[in-house]
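Subject: Structure handover

Hello,

The structure we discussed is below, with the sequence. My notes on the packing follow it.

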Amino acid sequence: EDGESGTEEVDGVHLQRARLEQAKRKQDFRDFLDAALATENPNHLPQVLAKHMEVILSLHGEDGVEIMNEAVEEAKSKSADEFERTVQIVEMVISFAEDFVEQASGMDSQNKHLLGRIITMMTGKTAGGPIDMSDKDPNMSREDLLDELIAAEKANFTPGFLRHLDGECDRIANAPTMTPESTRMLEMIRVIQTRVLEELGKDLGEGAIVLGQLMGYEKDEEMLGVLDAGLTVRGSGFATELKALTEEALAGFKQVRGEVEPELVKR
């Protein structure tokens with residue numbers, strides 16, 4: 001009886017937790033919907049979607065369908081315009097989520113392949129044994145070959161690849177147990193992160209191009225990591241130039257007629 005009582009108690013805790021998570025997802029979606037409905041300029045809706053990406057991607061399965069259906073049903077009791085806009089936003093969410101999952105699947109595969117190539121060059125090994133170095137310059141060390149590979153792949157070091165590296169580090173670090181192999185892998189990926197950021201920071205570009213490149217990073221830590229590496233390579237003179245350009249851009253925002261995206265100003 002004590003065993004059955006304990007099992008029922010655990011089940012009750014899990015059920016309560018599931019209800020709280022569902023309530024949070026519902027409230028998060030309501031907050032997103034309110035923000036989307038308050039966005040007067042339709043051109044800014046994609047930015048609202050991107051800002052609430054985690055909320056949108058959490059609406060999977062029957063639970064997500066139920067949350068969106070409830071929002072549409074509630075909108076029926078309001079104005080015809082709000083109902084129509086709610087339906088449009090829900091349809092946009094569904095389309096956005098489907099496109100994102102499809103693209104993310106392809107990008108995840110590419111990122112895994114790229115990371116695998118770099119790790120293979122670092123270790124000199126594949127699952128089948130040592131890598132074939134017959135087509136490489138025998139006078140080049142593995143370190144030189146790694147530098148060559150990283151320089152050649154720089155165009156593929158996208159914000160998505162940086163997030164993939166972060167995700168792999170988190171996955172390994174949060175594993176229930178750490179083995180010597182997983183510890184070594186975590187160290188290698190962190191080294192790769194550093195090398196990638198250094199490569200990206202070598203030639204951020206000049207002038208206003210730099211600001212545009214930095215704005216391409218969604219996470220502040222990604223943007224600041226690349227910026228820090230770039231400033232380390234380029235020096236204080238470049239930092240002063242970049243600061244002046246940023247101040248000029250912010251001053252220009254004040255002269256723009258109409259609404260300027262607040263997130264852009266903040267970044």
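This is a predicted model. Its largest nonpolar core has 27 residues, and those with the most contacts inside it are L115, I118, F157, F161, I192, V196 and L200. Two or more residues of this core come from each of helix 5 (80-123), helix 6 (142-152), helix 7, helix 8 (180-202) and helix 10 (220-234). Helix 8 supplies the largest share, six residues.

F161 belongs to that list of residues with the most contacts in the core. Leaving out residues up to four places away in sequence, F161 touches N111, L114, L115, I118, N156 and V196.

There is also a second, separate core, which has 19 residues, among them I67, V72, V93 and A97.

On helix 6: L145, L146, L149 and I150 are buried there. Viewed down the axis of helix 6, the buried residues fall within an arc of 135°, so they line one face of the helix.

Then there is H164, which sits in helix 7 (residues 159-173). Is H164 buried or exposed? Its relative accessibility is 10%, and because buried means under 20%, H164 counts as buried. Apart from neighbours within four places in sequence, H164 is in contact with D108, N111, K112 and L115.

Regards

Conventions:
Residues are numbered from 1 along each chain as its sequence is written. This is a predicted model: local features need pLDDT of at least 70, side-chain atom pairs count only at pLDDT 80 or more; totals for chains, interfaces and linings use all residues. Side-chain values use heavy atoms; hydrogens and water are left out. Helices (H or I, at least four residues) and strands (E, at least two) are DSSP runs, numbered from the N terminus. Buried means under 20% relative accessible area, exposed over 50%, partly exposed in between (1.4 Å probe, protein chains only). Contact means heavy atoms within 4.5 Å. A nonpolar core is a set of buried Ala, Val, Leu, Ile, Met, Phe, Trp, Tyr and Cys residues joined through side-chain atoms within 4.5 Å. The arc is that of the directions from the helix axis to the C-beta atoms.
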